[in-house]
Amino acid sequence: MAAPKSCVQCGKCLEVCPLFKVTGREELTPRAKFFLESLRSGEDPGEGLSEKDFKSLASLCLSCGRCAKNCPQSMSGPDMVSDLRAKSKGFIQTCWDLWLISPGLLWPMAAAASKLSPEVLPEPFGSARKRMQALFAKSPEPWVELSLQAKFEKRRVMLFKGCVGRFARTDWTAKAERIMDGMGLIRAEGGEFGCCGSSHGSAGLLGRQIEARAKNIKVWKDSGYPLLVTFCATCLKGLKEYTLDDFAGDEELLAKWNEALTPLSSLLLDAEPKILDNAPVQVAYHQPCHAPRNDTDLKLLALIAGERLRQVQNDLCCGFGGIMQLGAPELSKEVGLHSLEHLTKGMKPGGQIVSGCSACVIQLVTLVKDDYFASHWLDILK
């Protein structure tokens, strides 16, 4: 058995950690978290740092995964924090768990309650109010038409809507289904997918994550192993992280699952765009932290926007952070505002920020100033 990896304190994670980039606080970095963990597990755990303080610092992670990609040891801060959260469940996790398992009930209730609250509220309640409005926001006016070709014949498909697409932005789901129908894809009959499990996992709700994965695999199997299409980068990442254990050791089935996973944008790269008169002069692409290496969302937007597309900055995190919305909303907002500052620097009023991650879109819509629009790329399609 290979020896467990240990942090060599090289600082490579500092180069890419959004929390460090924005705050300059090294105690928030993966390096600090791994150092604290090594102290806690040593002979002199914490060197005066209380268990409460340790858990507080170590849990402040946006789960962006940038550190793991930059680490020579391939060590993951989000994995370490997920494990820590799993071992120290508290009130915040209970609330987050409830939020995730009852979206059909709680999300509309919270959105309705936010409309009744005062316009001006102290933080973090003010951001929470805006976030609920962003969750159920109306789409901006579309400004492009895509000519779709019925290029698929008898290819069966299921749409993985994600939590946001299923319970809040049903307009995204409807548009995605129209696109699939227009390309000749046949919708497979079957049950309804649940959460991809990513939000549960990052919050340390590992039991819930296992349940979510098992449900989704069963729905897919019962439907005859169709093409599995999604329009959310984080959902795609979460689905790609299913392991051999989730498939009861069936390597062939896991390979079939990974082969079925398909970003919706990848099916549209040969479409011909027709730009409408209301198109913005400038478009910025916010690349999600969880975007795949072959980012077909970006390729599609480049095809559509052409010269309107500003230079893409791939080092910006929106700061959403999942459970950090409850545990440290002020840090989430600080990172998000930093991202928007760079995305809109030099942008003319009326410009549009586009992303392909449901969580990123909610965060950007929550924080963006009135001079600009933020949306999913599905929003720009007529």
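Strands (E, at least two residues) and helices (H or I, at least four residues) are DSSP runs, numbered from the N terminus. The structure is a predicted model, in which local features need pLDDT of at least 70 and side-chain atom pairs count only at pLDDT 80 or more, while totals for chains, interfaces and linings use all residues. Residues are numbered from 1 along each chain as its sequence is written, and side-chain values use heavy atoms, with hydrogens and water left out.

Strand β1 pairs with strand β6 (residues 272-275) in the antiparallel sense over four bridges, two strands being paired if DSSP finds at least two bridges between them. Within this pairing, Leu146 stands opposite Pro273 of β6.

**Sheets**

An open sheet of four strands runs in the order β3-β2-β4-β5, with parallel pairing. Its edge strands are β3 (186-187) and β5 (261-263), each of which pairs on one side only. Strand β2 (residues 156-160) runs parallel to β3 and is joined to β3 by two bridges, and Arg156 stands opposite Ile186 of β3. Helix α13 (residues 233-240) packs on this sheet, where α13 touches β2, β4 (227-230) and β5, and the direction of α13 makes about 165 degrees with that of β5. Axes are lines fitted to C-alpha atoms, for helices over the stretch in contact, and angles run from 0 to 180 degrees between N-to-C directions.

Ile186, which lies in β3, is partly exposed, with a relative accessible area of 40%. Leaving out residues up to four places away in sequence, Ile186 touches Lys154, Arg155, Arg156 and Val157, where contact means heavy atoms within 4.5 Å. Ile186 and Asp370 are 184 residues apart in sequence and, from C-alpha to C-alpha, 40 Å apart in space.

Another open sheet has three strands in the order β7-β8-β9, again with parallel pairing. Strands β7 (283-285) and β9 (373-376) stand at its edges with a single partner strand each, so one side of each is left without a neighbour in the sheet. On average, neighbouring strands of this sheet are turned by 25 degrees against each other, direction ignored. Strand β7 pairs with strand β8 (residues 352-355) in the parallel sense over three bridges, and Ala284 has Ile353 of β8 as its bridge partner.

**Helix packing**

| Helix pair | Axis separation | Angle |
|---|---|---|
| α6 (residues 91-101) and α7 (residues 103-116) | within 6 Å | roughly 105 degrees |
| α12 (residues 206-222) and α14 (residues 251-260) | 12 Å | about 85 degrees |

The crossing angle given for α6 and α7 makes α6 roughly perpendicular to α7; angles of 65 to 115 degrees count as roughly perpendicular, those under 35 as roughly parallel, those over 145 as roughly antiparallel and the rest as oblique. Leu98, Trp99, Leu100 and Ile101 of α6 make this contact with Pro103, Leu106, Trp107 and Ala110 of α7. By class, the contact has eight nonpolar, no polar and no charged residues, where Ala, Val, Leu, Ile, Met, Phe, Trp, Tyr, Cys and Pro count as nonpolar, Asp, Glu, Lys and Arg as charged, and the others, Gly among them, as polar.

For α12 and α14, packed at about 85 degrees, the arrangement is likewise roughly perpendicular. Asn216, Ile217, Trp220 and Lys221 of α12 meet Leu253, Lys256, Trp257 and Ala260 of α14, and by class the contact has five nonpolar, one polar and two charged residues.

**Buried residues and cores**

The largest nonpolar core has 42 residues, and those with the most contacts inside this core are Leu264, Leu378 and Leu381. A nonpolar core is a set of buried Ala, Val, Leu, Ile, Met, Phe, Trp, Tyr and Cys residues joined through side-chain atoms within 4.5 Å. Apart from this core lies another, of 26 residues, including Met158, Tyr242, Leu254 and Cys318. Not counting residues up to four places away in sequence, Leu381 touches Pro142, Val144, Leu146, Lys175, Ile179 and Ile304.

Thr173, in helix α10 (residues 170-182), is buried, with a relative accessible area of 7%. Helix α18 (residues 358-367) is mostly covered, with nine of its 10 residues buried, among them Cys360, Val361 and Gln363.

Terms used:
Buried means under 20% relative accessible area, exposed over 50%, partly exposed in between (1.4 Å probe, protein chains only).
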